[in-house]
Amino acid sequence: MIENVLKQYKDNIALSDAKGTSLTYETLDQKSAELFDTIGGRTLVFSFCRNEAGSVLGYVTFLRYHIVPVLLNAEIETELRQQLIGIYEPAFLYLPKEMAEAFSDYEKVWESYGYCLLRTSYAMEKTMYQELGLLLTTSGSTGSPKLVRQSYRNILSNAESIAEYLELTVDEKPISTLPMNYTYGLSIINSHLLVGAEILLTDEPMTSRHFWEFFRENNATSFGGVPFTYEMLKRLRFFLMELPSLRYMTQAGGKLSPELHREFAEYAKNTGKKFIVMYGQTEATARMAYLPSERSLEKYGSMGIAIPHGRLWLKDVDGNQIKDADIVGELVYEGENVTLGYAECLADLAKEDERHGVLQTGDMAKMDADGYFYIVGRKKRFLKIYGNRVNLDEVERMIKHEFEQIECACAGVDDRLYVFVTTDQEEIHTQIRQFLAGKTGLNAKAYAVKYVMEIPKNDAGKTLYRKLEKYYD
Amino acid sequence: MSNLEKYTKIFTESFEVDAEKAKTLKYQDVEAWDSIGHMDLIASLEDEFDIMMEADDIIDFNSFEKGIEIMTKYGIDMNA
């Protein structure tokens, strides 16, 4: 597949980054062959990503030549980085050249476009399932070494579905607004490479002038965003900006407030653009559902319908399918993009398909009479913070581990995680917030520490999180 | 509290730095001043001084010092 794309679109520009590097599909073809020659065969690589041409070149190489990469953010916290390297023993590290200094023991064997390849002392040979193509973290970064195992079929199938429902063509120019190691950001890259489009790469935030200059100079046609992105855009008076090249905007990574959904749908309608709300998870490669733009205003607040070639349904407590409208059940997805399963250690990379195309999403939803789905809650204890999944029990464990003899309970709503503690020492409260910001790489604004006399528990010692809700701001 | 003191306090609280450090702070100098911290800073300033900033000013607001210039533009007397 990649072979065809690289040949068919050889004269097109594939990647243009904010540092000034521009690569055609033909250059990607040649450079990836060169990089593969250096690696020499199927193995495991850790790729430390940035939204730069060099970073995407590595990714294309790995996918094309069946080298399995673990995609991580180049800004990953050092301790977690070292922990992951120790667990998975990658034979190579692919990283920005400034980062190479941190690994002076390893030999640099290749360098191009600001990225380099280091050979580690770990074995080249790894026992990996033949269909395993890619490993991603589960969008959160709470110190967990858990990775999602994606197959080649998963990646291709999802990219094809996305290109189909977004009606992507060769003249699209999406601009990066999300990290490429984040499943949503990566899905934008995958689906646009598939159609031979040009991807504009930058790590500049949307609050920076450079971002908008890069946007306008290159006539970007689309971008994606998590709920926070759209809140921010509204404050940035986005509705007043002149952006003639912009064709469509997508939203995923958590539920957008219905009001904001409606405002952006209206803006899109009035300006002849499209606003497409979507739904997905790393466990489904990326996308599972989308709300067609023509229904965006009418069905605001909805996550839409299954993507092409996928199927969504609701399951009741007995495991039966709910057929009636407005009854809440667990959302189940079926499709070729349902990933193989998780990996928690090197040996897990040999595991085959554990899900067989069926994913229990853990999200509770209902369906309206027209078959459109609406998320109403979650089965599991996690929050989405700025689009990143954060597991509340894991955060609790991390805090208890770091701060000895502390009693705490974590709860909250998306973009606001509360840590309830039984100490009123302000100093410790600040330390906890900074600890969490450091560990998760997410702004401390998302974390609030609150003092309570005691953590409410039942007779069996189980924390009663519901009783903490009254303390939310 | 003078306007400059109020302004400085918003910086020290938003980014958890002391007043000395705040005075030389630039966008992305500290981890807390990312795009999320930035929007929070703008919201706090708008609330405190009862103003509504233009998008260009929000985007140009890239340091403590530049911010003073922008606040002045909105009629906030930073010497009062």
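1. Among contacts in chain A between residues at least 6 apart in sequence, what share joins residues at least 24 apart? For chain A that share is 65%. Please keep in mind while reading these notes that the model is predicted.

2. A few words on chain A as a whole. Chain A holds 11 helices and 25 strands. Its radius of gyration is 22 Å, close to the 23 Å that the globule rule gives for 473 residues, so chain A is as compact as a globular protein of that length. Along the principal axes, the C-alpha trace of chain A spans about 65 × 55 × 45 Å. Of the 473 residues in chain A, 48% count as buried.

3. Now the open sheet. In chain A, 8 strands form an open sheet with mixed pairing, in the order S6-S7-S5-S3-S4-S8-S9-S18. Strand S6 (107–112) and strand S18 (341–343) of chain A stand at the edges, and each has a single partner strand, so one side of each is left without a neighbour in the sheet. On average, neighbouring strands of this sheet are turned by 25° against each other, direction ignored.

4. Two pairings in chain A are worth a look side by side. Strand S3 (residues 44–49) and strand S4 (residues 68–73) of chain A run parallel and are joined by 6 bridges. A:Ser47 has A:Leu71 in S4(A) as its bridge partner. By contrast, S6(A) and S7(A) pair in the antiparallel sense, over 5 bridges. There, A:Ser112 stands opposite A:Tyr115 in S7(A). The hairpin of S6(A) and S7(A) has 2 residues between the strands, and A:Tyr113 takes a positive phi near 45° in this hairpin.

5. Which strands does helix H2 of chain A lie across? Helix H2 (residues 25–39) lies across strand S5 (92–96), S6 and strand S7 (115–119) of chain A. Relative to S6(A), helix H2 of chain A runs at about 175°.

6. On to the nonpolar core. The largest nonpolar core has 158 residues, and those with the most contacts inside it are A:Val56, A:Ala289, A:Phe373, A:Cys410, A:Leu417 and A:Val419. Helix H3 (residues 53–64) of chain A supplies the largest share of this core, 7 residues. As background, nonpolar side chains tend to be buried together in soluble globular proteins.

7. A:Asp326 lies in the loop between strand S16 (311–315) and strand S17 (329–334) of chain A, while A:Asp415 lies in the loop between strand S23 (408–413) and strand S24 (416–421) of chain A.

8. With 13 other C-beta atoms within 10 Å, A:Thr422 is partly exposed. Leaving aside neighbours within four places in sequence, A:Thr422 is in contact with A:Glu407, A:Val452, A:Glu454 and A:Ile455. A:Thr422 and A:Leu35 are 387 residues apart in sequence and 54 Å apart in space, C-alpha to C-alpha.

9. Next, where the chains meet. The contact takes 17 residues from chain A and 15 residues from chain B. Helix H8 (residues 227–235) of chain A gives the most to the side of chain A that touches chain B, with 3 residues. By class, this side of chain A has 10 nonpolar, 3 polar and 4 charged residues.

10. B:Met1 lies in the segment before helix H1 (3–15) of chain B. B:Met1 counts as exposed because it has 8 C-beta neighbours inside 10 Å. From C-alpha to C-alpha, B:Met1 and B:Gly75 are 17 Å apart in space, and they are 74 residues apart in sequence.

Methods: Residues numbered from 1 in each chain as written. Chains lettered and ligands numbered in written order. Predicted model: local features only at pLDDT ≥ 70, side-chain atom pairs only at ≥ 80, totals over all residues. Helix = DSSP H or I, 4+ residues; strand = E, 2+ residues; numbered from the N terminus. Buried ≥ 20, exposed ≤ 12 C-beta atoms within 10 Å, placed from the backbone. Contact = placed C-beta atoms within 7 Å. Nonpolar A, V, L, I, M, F, W, Y, C, P; charged D, E, K, R; others polar. Core = buried A, V, L, I, M, F, W, Y, C linked by C-beta atoms within 7 Å. Pairing = 2+ DSSP bridges. Axes fitted to C-alpha atoms, helices over the stretch in contact; angles between N-to-C directions. Rg over C-alpha atoms; globule rule 2.2 N^0.38 Å.
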